[in-house]
Amino acid sequence: RCARMGNPDGGWYDDTPPYVVGTSPADRSTNIKAKKIAIYFNEFVKLQDAQSKVIISPPQMEQPDIKEGGHRILVELKDTLKENTTYTIDFGDAIVDNNENNPMGNYAYSFSTGDVIDTMQVSGYVLDAENLEPVKDILVGLYDDLSDTIFRQKPMARVSRTDGSGHFTIKGAAERNYRAYALKDADGDFVYNQKNEMVAFDHKTFVPSWKPDTRQDTIWRDSLHIDNILRVPYTHFLPDDITLLAFTLPQTDRYLLKTERQDPEKFAFFFSYGNDSLPVIRGLNFVSDSAFILEASQKQDTLVYWLRDTALINQDTLRMEVQYLMSDSAGVLFNKTDTLEMLPKMSYEKRMKEKAKELEKWEKEQAKLKKRGEKYDSIPPVKALEVKFFGVGNIAPDQHISLEMPVPLACADTAAVHLKQKVDSLWEEIPCTLVPSPTHVRRYNLLTELQKGGEYTIDIDSAAFVSIYGSVSNAIKQTVKVKTDEDYSILEVAVSGVDAGANVIVQLLSSQDKPVKQQRTVNGNVRFLYVVPGKFYLRAFIDDNGNGVWDTGNYDEDRQAEAVYYFNEEIECKQKWEVKKQWNLTAVPRHKQKPAAITKQKGEQQRKLQNRNLQRAKQLGIQYIQDKTGIRL
């Protein structure tokens, strides 16, 4: 009767990680010829993420067989073993116990086919050369052959893969000269042989070494209090800061990606790469001479053809012969001829039915208004040409006003565009000029001089713009107010750390790592005006060829990508403030430069012991200590 009902809690958790009790052949053995390895543990184990976590050096052309079973892991190598070579099977943190997933921690097994086993390690980082993002799961390897073309000829000697932080460790290296390379291996041959493979190379050589060192190990009493700080000795392998900057060659092979005719009045060609030589179009069921107005993208890889003639717009099928430049298997351009049929998304018949429905709906609405004695229309309205404005409303003093038309224009009456400025309480017309944009067939720029703090109106008379299809614009009125210096911040940056003659371009970045403003340094300085108050970041690149844009590298031409740097702090710009920063581009190691707030590739969390018994002991109000053997005291 005095007993209380309840459920037993099962006792203490198993928080002890597995450990190795034996291997066959023995770890770090020499003169090994067997290709089967067995690793034995004190408890049941399993592998997690073995395909990405387990790395074997030298790299294996034929995938090895890795099995887990009970208290052991079996590895069978399929490739022929090389003579006098150290083999390393790096499991990382893939080994966990079977029940509680307690990670064993980083574990590597090694053996040698010769008399000597190599035990050196090197480590570092792989970053995207364009934006210093950590590159995850890229293959990193060492060559002891220092030939400049070896990367295209032979597989790497020692390999590893990067984690989410772009970090890698290559084990089993010898004390000899190496070069490091990185490769997004598309075909699994450990050789750089495809244009679309991301690659990194460096001509610097290094010899792996080591030194005795200590590191601090903090023992926490609880989540707030430190119990002790231990100085733990360890072997420090060098170099540990190799930094490889990876890039991908730009796609220069030209081929036709797709064609489309989403709207009946235009069709488009999409190419993989632009070319100054435009396609030659010959109509097969229509006359193609002077039938189009071409709208090309800046790189001329997207070509939009606007149909001039309404009869062609109403024609459902446009059959044409198109001759254009295309790359062959060797990358050489040749003339290719295709016969294409362009069909709109909606047929002419269906479009006419839709228009008839809209007209019928409008007539019914007008009939209802007439019946109620209200004002009504007897002539259907004609859809006006809708003009889109850029740079209106409240704008910065360095902004420009432009207009964009939905379709190309047949004519534009620039005299019908009036710009007025508010002077005291009166509006006075001031000079302005409307000119076509040199880069956009449907855009027009309004050239004038706007004053800081000024108020303006843009008045455009009706029928100022007439499209190639006869639609005209209505009368338009837009207001513009130019802000003053006091609405913005100024950012000055003094750049150092590179050669005085270096052509440095500094970019002001948003929190999305996108350029907001860009300027070239003058005597090592840049000054960003009219910075909208907020938080920003800085990126700089060395514009080696002076074209104003970042350029990638080329392994065959022995050319690295243009160097990129990040200011490793966030910059806050406040209204009316003038912010000044000193920036030594090379003072901080490259892998530590990019601020975490704008780094998209985050490092994955390392597997750790859960230590749930400590939490349970606190709940029970008792002291809990676990020694190295796992015995609980």
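Visitor: What makes strand S30 and strand S34 a pair, and do they run parallel or antiparallel?

Guide: In this predicted model, five bridges join S30 (residues 417–423) to S34 (residues 455–460). Two strands pair if DSSP finds at least two bridges between them, so S30 and S34 count as paired. The two strands run antiparallel.

Visitor: How many bridges join S30 to strand S31?

Guide: Five bridges join S30 to S31 (residues 426–430), and these strands run antiparallel. The cut-off is at least two bridges, so S30 and S31 are a pair as well. Lys-422 stands opposite Trp-427 in S31.

Visitor: What is found between the strands in the hairpin of S30 and S31?

Guide: Two residues lie between the strands of this hairpin, in which Asp-424 takes a positive phi near 60 degrees.

Visitor: How do you know that strand S37 pairs with S44?

Guide: Seven bridges join S37 (residues 489–496) to S44. Because the definition asks for at least two, the two strands are paired. They run parallel, and Ser-496 stands opposite Asn-584 in S44.

Visitor: In what order do the strands of the open sheet with S37 stand?

Guide: The order of its three strands is S40-S37-S44, with mixed pairing.

Visitor: Why are S40 and S44 said to stand at the edges?

Guide: Strand S40 (525–531) and strand S44 (578–584) each have a single partner strand, so one side of each is left without a neighbour in the sheet. From one strand to the next, the twist of this sheet averages 15 degrees.

Definitions and conventions:
Residues numbered from 1 in each chain as written. Predicted model: local features only at pLDDT ≥ 70, side-chain atom pairs only at ≥ 80, totals over all residues. Heavy atoms only, no water. Helix = DSSP H or I, 4+ residues; strand = E, 2+ residues; numbered from the N terminus. Axes fitted to C-alpha atoms, helices over the stretch in contact; angles between N-to-C directions.
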